[in-house]
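Let's take a walk through this model together.

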Amino acid sequence: MRILVVDDDKATLRLLGDKIKDWGYSVYPANNGTEAWERLESNPVDIVLIDLEMPDMDGFELCRQIRNANFRQYIYVIFIRGRDTQQEIIRGLEGGADDYLIKPVNFDELQARIEIGGRIISLEKELNRKADVINKNYFQTIHMFSNLLEVFNEELGGHCRRVAELSLRLAKRHPDLSEQDYQIAEAVGFLHDIGMVGLPSSILSKKRTEMNGEERELYLSHPALSEIILKEIEFLWPIAKLVRAHHEQVNGLGFPDGLSGKEIPLISKIVSAASVYDNLVHRGKIPLEDVHNNLQRMSGYQLEPAIVDLLLEINLENIQEEKEKVFLELDLDDLTQGMVLAKDVRMKSGAIVMPARMELKTYSIDKLKSYRQLACVSNKVYVCK
Ligand SMILES: [Fe+2]
């Protein structure tokens, strides 16, 4: 356990530091609030003991800064103060302190309070670890569904993967979305067409105008089917709702619910725009330079104008990227960690093994080599120069 002790009185600082070290903790001394803050920024600790009466930055200010900062783990703050006035104690606790001690410090009490702080920090670390596992499971589940789609239908799987990528790019540029929303937008992108799995494969290759009445009806049911499939898993419920709305249009002429304008969730609008873009470029084979006009025509009717603007921005970047793209064709044995795939690596059956733009790690190179051993992939891959 790492403990930062902040006190402007050098003798007290040394005394407290020696005692805490004797109890088996790592101690970091700081003579003032500024020094303490520099230390925390470069190397966060578990517990901070703060003397409340210091020059330059007082203890309340230091505590406020700690609570406002975005440290990866919780920092337990104990105030040490000279006078025991109830008002000051309340001010300290309201300002974010977890505990307080009155001078002169009783060392047995200090040790007991540090142990309490240690228990809370350990519980918090355990909670974070479990939250990381849940988060990992969440993404693994989404990727499993996405891989299933890829196996079911290569074109549909590729579409969903690209829509997920583009939805994430759009979400990151949208001023009304947070970091948590980015993950949701990506997941909705991956899963938006999962309901297509229940439809006859003949429908997948047809344009809507080419479908007969029955096929059309089935096609129109796919957002609701996607929702039903995802609702089987409780933690996917919020995503299921957003997936249902991915064919709604801002003019109210979409399906399945005919929602319009603000009735359509923002993330559904983003995924819808990403899906339209992908269909124009990959199914419609429209050159990137011509996509601009198509999107402009849909702005305000099918798609939200602000999202179309972001999409046009991304399209310009894609045009530039295409111009600059230079590939290298390499043997699997010549791959090194950090290289970025320029094209999808596919099995001989066509299913994707690794997508373009993925940065190679040692384990991904090993995975490719093991596929080669099974004669599933070619010995050549394309990487960005
Ligand atoms: Fe769809």
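Begin with helix H5, residues 107-152: at 1.5 Å a residue its 46 residues should span 68 Å, and the end C-alpha atoms are 67 Å apart, which agrees. The expected span here is 1.5 Å times one less than the number of residues. Helices (H or I, at least four residues) and strands (E, at least two) are DSSP runs, numbered from the N terminus. Before going on, keep in mind that this is a predicted model: local features need pLDDT of at least 70 and side-chain atom pairs count only at pLDDT 80 or more, while totals for chains, interfaces and linings use all residues. Residues are numbered from 1 along each chain as its sequence is written.

Which residues of H5 are buried? They are Arg113, Ile114, Gly117, Ile121, Ile142, Phe145, Leu149 and Glu150. For the cut-offs: a residue is buried if 20 or more other C-beta atoms lie within 10 Å of its own, exposed if 12 or fewer, and partly exposed in between, with C-beta atoms placed from the backbone.

Now zoom out. The protein chain holds 15 helices and 9 strands, and its C-alpha atoms fill a box of roughly 85 × 55 × 40 Å along the principal axes. A compact globule of 385 residues would have a radius of gyration near 21 Å, but this chain has 28 Å; that radius is taken over C-alpha atoms, and the globule rule is 2.2 Å times the number of residues to the power 0.38. Buried residues account for 29% of the 385 residues.

The chain is split into domain 1 (2-127), domain 2 (153-324) and domain 3 (325-385), with bounds that come from an automatic or database domain assignment. Between domain 1 and domain 2, the C-alpha centres lie 50 Å apart.

Next, the sheet. 5 strands make an open sheet in the order S2-S1-S3-S4-S5, with parallel pairing. Strand S2 (26-30) and strand S5 (99-102) stand at the edges with a single partner strand each, so one side of each is left without a neighbour in the sheet. From one strand to the next, the twist averages 20 degrees. Two strands count as paired if DSSP finds at least two bridges between them.

Look at the pairing around S4. Strand S3 (residues 47-51) runs parallel to strand S4 (residues 76-81), joined to S4 by 5 bridges. Within that pairing, Ile47 has Tyr76 as its bridge partner, and Leu49 stands opposite Ile78. On to S5: S4 and S5 pair in the parallel sense over 4 bridges, and Phe79 has Tyr100 in S5 as its bridge partner. Because 5 of the 6 residues of S4 are buried, S4 is largely enclosed by the rest of the structure.

Helix H2 (residues 33-42) lies across strand S1 (2-6) and S2, running at about 160 degrees to S1. Axes are lines fitted to C-alpha atoms, for helices over the stretch in contact, and angles run from 0 to 180 degrees between N-to-C directions.

Now find Ala185 in helix H7 (residues 179-191). Is Ala185 buried or exposed? It is buried, because 28 other C-beta atoms lie within 10 Å. Leaving out residues up to four places away in sequence, Ala185 touches Ser167, Leu168, Ala171, Ile267, Ile270 and Val271, where a contact means C-beta atoms, placed from the backbone, within 7 Å.

Most residues other than glycine have a negative phi, and most peptide bonds are trans. The peptide bond from Lys103 to Pro104 is cis, with omega near -5 degrees, and Pro104 sits in the loop between S5 and H5. The bond from Phe255 to Pro256 is cis too, with omega near 10 degrees; Pro256 is in the loop between helix H11 (237-244) and helix H12 (266-283).

As for phi, Lys285 has a positive value near 55 degrees. Lys285 belongs to the loop between H12 and helix H13 (288-298) and is exposed, with 7 other C-beta atoms within 10 Å. Arg357 has a positive phi of about 80 degrees, although it is not a glycine. Look for Arg357 in the loop between strand S8 (352-354) and helix H15 (362-373); with 12 C-beta neighbours inside 10 Å, Arg357 counts as exposed.

How values were computed. Two residues are in contact if their C-beta atoms, placed from the backbone, lie within 7 Å.
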